[in-house]
Amino acid sequence: MKISFLNGLRKGEQVKLSDKEISLGREVDNDVIIVTDGVSRYHAKILKQSDGKWLLKDLGSTNGCKVNKKLIEGEALFDEGDVIAIGDQNFSVDAGEAKTPITEVKEDSF
């Protein structure tokens, strides 16, 4: 499974979702660094649950997270075909392998 940036400076980039939890936000120690309006320093996490389902967890961000344009309360499941919004950044969720492995995202994020 992967997420693809739909807008912003990183439009067209893809990130593979791994079995470990993935942190998203503006700070440089996040797994996926997102420098755009409406994104908190530590905005959200993506986790793969033991049953194989994917979970988006808001970390108390100022502007929240949305799945398919619906503001989530705390956390929400998502699946292939869904659109995730974190601040002003939108991602599509797609099956398959990403072109950018998660380990390379930090270096290319600025």
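Predicted model: local features only at pLDDT ≥ 70, side-chain atom pairs only at ≥ 80, totals over all residues.

Is Lys 20 buried, partly exposed or exposed? I looked it up, and Lys 20 is partly exposed, at a relative accessible area of 41%.

Entry 1: The average pLDDT of the protein is 89, and 87% of the residues reach at least 70. I then checked residues 102-110, where the pLDDT is below 50. In the model that stretch still has 19 contacts beyond near neighbours in sequence.

**Entry 2: the partner of Lys 20.** I searched the whole structure for salt bridges and found four. One of them joins the side chains of Lys 20 and Asp 31, at 3.1 Å from N to O. Lys 20 sits in the loop between E2 and E3, and Asp 31 in the loop between E3 and strand E4 (32-33), so the bridge ties together parts that are 11 residues apart in sequence. I also looked up the accessibility of Asp 31: its relative accessible area is 15%, so with the cut-off for buried at under 20%, Asp 31 counts as buried.

**Entry 3: another bridge from the E2-E3 loop.** Next I followed Asp 19, which forms a salt bridge with Lys 48; their closest N and O atoms are 3.4 Å apart. This pair links distant parts of the chain, 29 residues apart: Asp 19 is in the loop between strand E2 (14-16) and strand E3 (22-25), and Lys 48 is in strand E5 (residues 44-48). Asp 19 is exposed, with a relative accessible area of 61%, while Lys 48 is partly exposed at 35%.

**Entry 4: Arg 10 and Glu 13.** I noted a salt bridge between these two side chains as well, at 3.1 Å from N to O. Arg 10 is buried, with 8% relative accessibility, and Glu 13 is partly exposed, with 23%.

**Entry 5: the strands around E10.** Strand E7 (residues 65-67) runs antiparallel to strand E10 (residues 83-86), and three bridges join them. In this pairing I found Val 67 opposite Ile 84 of E10. E10 also pairs with strand E11 (residues 89-94), again in the antiparallel sense, over four bridges. Here Val 83 stands opposite Ser 92 in E11.

What lies between E10 and E11? I found a hairpin with two residues between the strands, and Gly 87 in the turn has a positive phi of about 60 degrees.

Terms used. Residues numbered from 1 in each chain as written. Heavy atoms only, no water. pLDDT = per-residue confidence, 0-100. Contact = heavy atoms within 4.5 Å. Buried < 20%, exposed > 50% of the residue type's maximum accessible area, 1.4 Å probe, protein only. Pairing = 2+ DSSP bridges.
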